[in-house]
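Hi,

Here is the structure I promised to pass on.

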Amino acid sequence: MIYLDNAATTRVRDEVIDIMVKYLKENYGNPSSLYDFGYSVSKDINSCREVIAKYINCKAEEVFFNSCATEGNNTAIFGAISTAKGKNVVSTEIEHSSVFNVYKFLKEKKEIRFLKLDEFGYIDIESVKNLVDENTEIVSIAYVHNELGIIQDVESIGKAIKEKNKKCIFHVDSAQAFGKVNIDVKKSKIDILTLSGHKIHAQKGIGAIYVNKNINLRPFVLGGGQEKDFRSGTENVAGIMGLKVATEFMYENLENRRKHLENLRDILISGISKIENHKFLTTKDGVPNIVTVAFENIRSEVLLHFLESEKIYISTGSACSKGKKSRTFDGIGLDNKYNDGVVRISLSEFNTEEEITIFIEKLEKYVNEIRMIMKRGR
């Protein structure tokens, strides 16, 4: 099997599984308990807060655990907006569904403003300055785009937001950025940051949210008062400890991993470049683990299944869209002749040069076969 859909989810690291098993079989006490068997677990949970805080430059008490970035994004937006009329929110038309669909739901209550993007999906800073005003409650963007791999200039965006409205909340979805780029919430003036464990070789069902201590964010889940009343419910201890281990691995080996991924990306781009009538939708300025390319005169779903027959797995776009046409490519003005042929190849440190070489060979074979089939069908 050659797995090249790591932006959708990742293989769980062995070290993560090992620590989870320990907390499932041995250290299984309830962290809310008053006795030492539970209290020691509570201290272990706080050690994970400290690790995340270290790598995003915040205080440990500003980190809260949840199930995933989708929950975090919903918490951020619903918790930040008021009931006051005449208020607006700002985002982009290419955000992940866990952001875009929330704003779509709110369109009857708030004015939704969308930032201007260039052909690669980068946010126009002047657009931020033009759209954010004294009535803007929150701005939501993705640090790294899940389909395009671009890294937004969050520092400049944060500065522009706060210059126009110091009270405006800057919310950043870092599901594709955490563990892959250096994040500094203070320097970038980020008020809320969300992340997800299964994007960094931890398990599914665990995530975290950073909330600036000066932000009064309404809790999304009420109950027994866990997570300082911010997110009630007995903590997923094994998941939290797995997230800790995964985070440490990602950041302690960040540069070596980046070099490995850049090498694989260069081989990938060189090979794809030999296939006729293609258009790369990612740039070398983005994260090295995502390469998105559009092929003329093919259907990406067909290509995906041809490759699947060889046990090679890629994506037609965001896994969360479940095969629906992506908003992203309309948002960046992609030529219609490429719209049906977009595929995303996303890498991890577990991929090898040999795998990429095999993939390119099969990709070229099946792109040409599909084109011949479509040509005969006309």
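**Ser32 and the chain around it**

Ser32 sits in the loop that runs between helix 1 (14-25) and helix 2 (36-56); helices here are DSSP runs of H or I with at least four residues, strands are runs of E with at least two, and both are numbered from the N terminus. Before you read on: this is a predicted model, where local features need pLDDT of at least 70 and side-chain atom pairs count only at pLDDT 80 or more, while totals for chains, interfaces and linings use all residues. Residues are numbered from 1 along each chain as its sequence is written, and side-chain values use heavy atoms, with hydrogens and water left out.

Ser32 counts as partly exposed because its relative accessibility is 43% (buried is under 20%, exposed over 50%, partly exposed in between, with a 1.4 Å probe and protein chains only). Leaving aside residues up to four places away in sequence, Ser32 touches Gln226 and Glu235 (contact means heavy atoms within 4.5 Å). Ser32 and Gly225 are 193 residues apart in sequence, yet their C-alpha atoms are 9.7 Å apart in space.

As for the whole chain, it has eleven helices and twelve strands. Its radius of gyration is 21 Å, close to the 21 Å the globule rule gives for 378 residues, so it is as compact as a globular protein of that length (taken over C-alpha atoms; the rule is 2.2 Å times the number of residues to the power 0.38). Of those 378 residues, 55% are buried. Among contacts between residues at least 6 apart in sequence, 73% join residues at least 24 apart.

Cheers
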